[in-house]
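Please look over the sequence and the structure shown below before reading on.

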Amino acid sequence: MTDQKVAIVTGSSSGIGYETALLLARNGFRTYATMRNLKKAKDISDIAKREQLQLHTIELDVTNEKSVNKAIKSIKSDAGRIDVLVNNAGYGLTGSLEDLSMNEIKEQYETNVFGLIRVTQAVLPTMREQKNGIIVNLSSIGGKMAMPLSSPYIGTKFAVEGLSESIAYDLEPFGIKVVIIEPGAIKTNFGTGMVVAEKNLNPSSPYFKGMQQLQGTLNSLLQNGSLPSKVAEVILNAITTPNPNLRYTVGEDAALLAQKRKELGDPEFQKFVLGFFR
């Protein structure tokens with residue numbers, strides 16, 4: 001067993017997870033960069049080797065209970081402890097509710113919500129026995145306000161917000177803290193990894209025009225978004241602060257939307273959002 005702080009980051013093959021895993025390892029954490037497909041581990045493994053970082057890649061599919069339990073058991077056996085969990089794995093599903101299939105919706109929740117729950121449940125016994133730990137859940141500014149044609153994704157992020165806030169009460173007596181990260185648009189492969197409802201890709205869909213418009217706006221926002229390293233820095237700050245905030249908003253766009261959500265009534269805010277995404 002080591003006294004070195006041990007961190008687990010899900011979805012580490014790219015984007016926020018990739019940058020977070022590297023930053024934690026560079027700051028002294030024994031870091032387990034987990035991902036569904038280890039074929040995507042080469043870049044982060046090469047950097048870890050070159051910089052002699054305590055960073056280890058491990059296969060973990062958040063949608064598979066056996067995969068989750070096997071990975072967490074292996075990490076606990078190897079490191080002897082688990083101090084930080086960053087629940088980052090997830091993707092975006094856009095489309096009109098009318099055109100979405102139940103399978104598309106279920107897959108979105110399976111990754112973004114149930115996947116987060118699986119990994120959290122797997123690490124909690126260890127953290128509780130240690131009487132310390134911190135769980136960082138990646139939400140989105142979309143967990144505080146909605147945007148058009150994104151109801152499944154927005155629904156998962158609202159779920160992450162409520163779940164995180166609730167378990168913060170449950171875990172406080174055991175010395176375990178919970179942090180929610182709410183990024184705005186981030187320059188990652190989130191856009192290319194985004195799934196669009198199959199029916200919304202058909203020009204005969206009544207929502208086709210709106211979907212094309214939204215995709216153009218999202219691509220523009222993502223191209224001009226904050227760097228994923230910025231989110232990683234906020235996460236590092238949160239887990240190294242004795243008394244972290246429950247929530248951290250990341251990005252100027254997220255800060256603006258959060259402020260407008262507080263200032264405006266529902267009709268005025270809906271008009272603002274429609275203008276923002278057109």
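Which helix gives the largest share of the lining of the largest cavity? In this predicted model, that share comes from helix 4, spanning residues 102–130, which contributes four residues to the lining.

## The cavity

Sorted by class, the residues that line the largest cavity are four nonpolar, six polar and one charged.

## Aromatic rings and a charge

One aromatic pair is found when the whole structure is searched. In general, such a pair of aromatic rings is described by the distance between the centres and the angle between the planes.

A ring may also have a charge placed over it, and here the charged end of R261 sits over the ring of F269, at 4.3 Å from the centre of that ring.

## The residue E19

E19 lies in helix 1, which covers residues 15–26. Is E19 buried, exposed or partly exposed? Because its relative accessibility is 24%, E19 counts as partly exposed, given that buried means under 20% and exposed means over 50%.

Leaving aside residues up to four places away in sequence, E19 touches P228, S229 and A232. E19 and F208, by comparison, are 189 residues apart in sequence, and their C-alpha atoms are 35 Å apart in space.

Conventions. Residues numbered from 1 in each chain as written. Predicted model: local features only at pLDDT ≥ 70, side-chain atom pairs only at ≥ 80, totals over all residues. Heavy atoms only, no water. Helix = DSSP H or I, 4+ residues; strand = E, 2+ residues; numbered from the N terminus. Nonpolar A, V, L, I, M, F, W, Y, C, P; charged D, E, K, R; others polar. Phe/Tyr/Trp six-rings, centres within 6.5 Å; stacked < 30°, edge-to-face > 60°. Lys NZ or Arg CZ within 6 Å of the ring centre and 35° of its normal. Buried < 20%, exposed > 50% of the residue type's maximum accessible area, 1.4 Å probe, protein only. Contact = heavy atoms within 4.5 Å.
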